[in-house]
Amino acid sequence: MEAISSQISEIEEAVRSCKDIALQRKKSLDSGCSFAAHLTTIFSDSLNRWFGYIKRSDDATSTISLDSAKETTQLIKLLESYRRVAENDLTFSEEAGREGAHALLVKLIKWDSSSLESESDQDTFLAVQDLACEIAALSTAFPMRSSPFTLEELRHRLPLFFDILPATVGNLDKDQQQARESGSGLTIVINQVHARQTAQKDVGFVPPMSSLTPVMWPSAVALSRWLLSNPDEVRRKYVLEIGAGCGLVGLVAAGICEHEDELRQDRGTVYLTDFNDVVVKNIERNISLNGLSDIARSAHLDFYEQHVSVDGWKDMSGLIRGQVDLVLGADIICQKDDAYAAAISIFCALRDGGKAIVVCADSKHRFGVEFFHDACTRLGLKVSVTNVSELYDGNLVAMNMEKTTGFVEGMRLTMYTVLKM
C-alpha cells in the first residue's frame, strides 16, 4: 500500500504543469519506458485495489466506509492527476488511452453502484465515476482501443527541447559548461503543428516529406541564441515577433523578460504572431507549455494587411495595436512580395527609435530575401547587414541545428538590423 501511495504522489508531482508533463515524458523515454504506460499500470493497480476493498467490505459484517478508505483517497488522487494530463496535454492523453487507460475508465464508469447499501458510499462511488467521466469527455476519441505506441514512435511524438545558451567567443565546450552552471541558459519546449505543410507559406507545419521531420528553421535557433547573448535588447521592452511559426524566438524573448524584477510592470511584454489560425493556436499552447502566459501573448497578424499610413500593427480582427520597441523575425520571407510586406509590417509596428532584428537564410534557400534590404530603405528605414557566421566565432550556429529543418553545413544566415529613425 505504501509503495503505490508513493508512486501516485510521484505522478501527482510530475504533472503539475504542461512543461512538467513534457519533461517527465522525455525523462521516462530516456530511461527506456513510457510515462503513459507507467500511469496506466498504477491506475490499474489502484482500481483493482479499490474494487477489492469494496468486495472485502461487502463480504464482511462491518459497514463499508468508502469515503475514509485509503484506497479511495489514492484512486481519487490518481484520477485527478490523470484529469490534469487530459486537460493540458492531448498528446500524452492519447498515449495513455492507447496504453489501456480508457478501458479502465470504461470499467469504472459502467460499474453498478446500486449494490452499495450506504447512501454515503453510493455518493462517494458516484463522485469517483464523475471524475472518470470528466476525463473521458476531455479525450479527442473515447474509448480508444488498446494499441500502444512503440518507444520510437513515442520519441517522435515528444515536443522539441531546445537548450538555448548564450553564444561566446572562444572555447565552445568550456563556455557552454559555464553557461549551464551559471543558469544563464533557457530550456524551451516546443510542440509542433502536426498537420502537413501544403505550401511554402505554411511555416510551422510538418513538411510534406515526413511526419517525423522537425519544423524549426535554422534562423530561429540562431536568433534565439543571439537574443540570449544580448538580453538588454529585450529587457523591459515591448516586443513583437512576426511570422512566429512554432514561436521559439518569441518564447526566448519572453523567457529573458521573465527573469526580470518581481514587479511585473518592469518585465515587458512579448507578442507572438502569425497569420494562420492553426499555427496561432499552437503558439498559445507553447506559451502555456513554457509557463510564460504572464508575459507572452499570441495574436493573428498578416503582413499583407498592414498599411504605411497606420501607426501601429493591425491584427486580423481589424484592431490596431500599439507600436513596439523591438520587432523580431526568423525566416519570414518566402517570396519577393513577402520582403515588401514584411518591411511595411516592421515600419508600422515600430515606434520612432525602435529596432527590428530579422535573420533569414540567403536567397539560395529563401527566395525573395534579396529584396528585403531595398524594401526597408524605400520606407526610410536604416538597415545594416551581418553574416551570422561572423558573429561569436560562428557559435550562433553551433548548437541545436540538428533539430532544425533544412540546415546544411555552410548555409549562410544573414542578420538584418533595421532602425526606424
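**Reading contacts in a predicted model**

In helix α4, the buried residues (under 20% relative accessible area, with exposed over 50% and partly exposed in between, for a 1.4 Å probe and protein chains only) are Glu71, Thr72, Gln74, Leu75, Leu78, Leu79, Ser81, Tyr82, Val85 and Ala86.

Colleague: What should I keep in mind about the source here?

Modeller: This is a predicted model, where local features need pLDDT of at least 70, side-chain atom pairs count only at pLDDT 80 or more, and totals for chains, interfaces and linings use all residues. Residues are numbered from 1 along each chain as its sequence is written, and side-chain values use heavy atoms, leaving out hydrogens and water.

Colleague: How many residues does helix α4 have, and what does it reach from its first C-alpha to its last?

Modeller: Helices are DSSP runs of H or I with at least four residues, strands are runs of E with at least two, and both are numbered from the N terminus. The expected span of a helix is 1.5 Å times one less than its number of residues. Helix α4 covers residues 70–88, so 19 residues, and reaches 27 Å, close to the 27 Å expected.

Colleague: Thanks! How many aromatic pairs does the structure hold?

Modeller: Rings of Phe, Tyr and Trp (its six-membered ring) pair if their centres lie within 6.5 Å; planes under 30 degrees apart are stacked, over 60 edge-to-face, and the rest tilted. The structure holds nine such pairs. One of them joins phenylalanine 51 and phenylalanine 125, which are tilted, at 6.5 Å centre to centre and 35° between the planes. Phenylalanine 51 is in helix α3 and phenylalanine 125 in helix α6, 74 residues apart. Phenylalanine 51 counts as buried at 12% relative accessibility, and phenylalanine 125 is buried at 0%. Ring pairs also link Trp50, Phe51, Trp111 and Phe125 into a cluster.

Colleague: Good. And how many salt bridges are there?

Modeller: A salt bridge puts a side-chain nitrogen of Lys or Arg within 4 Å of a carboxyl oxygen of Asp or Glu, and by this rule there are 18. Take arginine 157 with glutamate 95, where the closest N and O atoms are 2.9 Å apart. Arginine 157 sits in helix α7 and glutamate 95 in helix α5, 62 residues apart. Arginine 157 counts as buried at 19% relative accessibility, and glutamate 95 is buried at 5%.

Colleague: Which residues are linked with them in a network of salt bridges?

Modeller: The network links Arg25, Asp89, Glu94, Glu95, Arg157 and Arg285.
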